[in-house]
Amino acid sequence: MPAWIWLVAALGLAGAEALTGDMFLLMLSGGALAAAGSSFVFDWPIWADGAVFLVVSVLLLAVVRPALKRRMLSGVGLPDPAKALEGRAALVLAAVSRDAGQVKLDGEVWTARPLNDNDVFESGDQVTVVHIDGATAVVAKIV
């Protein structure tokens, strides 16, 4: 089988991988690329090129794909923007109680509520953001 046919198969499989993202077709593409290289260098019969394709594809699927999947899934990624605000100081703009309140946090006005329902923070108080609950900053008094 001519090497260019294996090369077209490798490119087609790699292109199809872009649609799935599962790393399966990419491993088959690597096998087709190895078959293209062996066909170009050795001019073996078609069954030998198929054997190269099979062996390399199985090795890639068994060894390389699991390592790639682990690496892709284990990334910590970028921090959640709301998580980055936790622990920051905020200025109370409108009294913060169980039902209402606003704080200025990182230059923006946020709806706020106290960590403990019985706490009330007056305008001008400094508080700390304990966590973000949706679009509401849950705050406590700075100690």
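In which helix does Leu25 lie? Leu25 lies in helix H2, where helices (H or I, at least four residues) and strands (E, at least two) are DSSP runs, numbered from the N terminus. This is a predicted model, in which local features need pLDDT of at least 70 and side-chain atom pairs count only at pLDDT 80 or more, while totals for chains, interfaces and linings use all residues. Residues are numbered from 1 along each chain as its sequence is written, and side-chain values use heavy atoms, with hydrogens and water left out. The points below cover the helices, the barrel, the cores and a loop residue.

**Helix pair H2 and H3**

- Two packed helices are described by the angle between their axes and the distance between the axes.
- Helix H2 spans residues 24-42 and helix H3 spans residues 46-73; the two pack at an angle of about 145 degrees, with their axes 7 Å apart. Axes are lines fitted to C-alpha atoms, for helices over the stretch in contact, and angles run from 0 to 180 degrees between N-to-C directions.
- The crossing of H2 and H3 is right-handed. A crossing is right-handed if the near helix is turned clockwise from the far one by less than a right angle, and left-handed if anticlockwise.
- On the H2 side, the residues that meet H3 include Phe24, Met27, Leu28, Ala32 and Ala35, with contact meaning heavy atoms within 4.5 Å. On the H3 side, Val52, Phe53, Leu60, Leu61 and Leu68 are among those that meet H2.
- By class, the contact of H2 with H3 has 13 nonpolar, five polar and two charged residues. Here Ala, Val, Leu, Ile, Met, Phe, Trp, Tyr, Cys and Pro count as nonpolar, Asp, Glu, Lys and Arg as charged, and the others, Gly among them, as polar.

- Val56 lies in helix H3 and touches Gly30, Gly31 and Ala34, not counting residues up to four places away in sequence.
- Val56 counts as partly exposed because its relative accessibility is 25%; buried means under 20% relative accessible area, exposed over 50%, and partly exposed in between (1.4 Å probe, protein chains only).
- Between Val56 and Glu17 there are 39 residues in sequence and 17 Å in space, C-alpha to C-alpha.
- Ser29 lies in helix H2 and is buried, with a relative accessible area of 8%. Its contacts, leaving aside neighbours within four places in sequence, are Ala10, Leu13 and Ala14.
- Leu25 touches Leu13, Ala16, Glu17 and Thr20, not counting residues up to four places away in sequence. The C-alpha atoms of Leu25 and His131 are separated by 43 Å, at 106 residues apart along the chain.

**Barrel**

- Five strands form a closed barrel in the order S1-S2-S3-S5-S4, with mixed pairing; two strands pair if DSSP finds at least two bridges between them.
- Neighbouring strands of this sheet are turned by 55 degrees against each other on average, direction ignored.
- S4 and S5 pair in the antiparallel sense over six bridges. Bridge partners in this pair include Ile132 and Ala137, and Val127 stands opposite Lys141.
- S4 and S5 form a hairpin with two residues between them, and Gly134 in the turn has a positive phi of about 70 degrees.
- S3 and S5 run parallel and are joined by four bridges. The bridge partner of Arg113 in S5 is Val138.
- Five of the six residues of S5 are buried.

**Nonpolar cores**

- The largest nonpolar core has 14 residues, and Val103, Leu105 and Ala137 have the most contacts inside it. Such a core is a set of buried Ala, Val, Leu, Ile, Met, Phe, Trp, Tyr and Cys residues joined through side-chain atoms within 4.5 Å.
- Strands S1 (89-94), S2 (102-105), S3 (108-114), S4 (126-133) and S5 (136-141) each supply at least two residues of this core. The largest share, three residues, comes from S4.
- A second, separate core of five residues includes Ala10, Ala32, Ala35 and Ala36.
- Leaving aside its neighbours within four places in sequence, Val103 is in contact with residues including Leu91, Leu93, Trp110, Val127 and Ala137.

**Loop between S3 and S4**

- Leu115 lies in the loop between S3 and S4 and counts as partly exposed, at 41% relative accessibility.
- Val130, Val138, Val139 and Ala140 are in contact with Leu115, whose neighbours within four places in sequence are left aside.
- Leu115 and Val129 are 14 residues apart along the chain, and their C-alpha atoms are separated by 9.1 Å.
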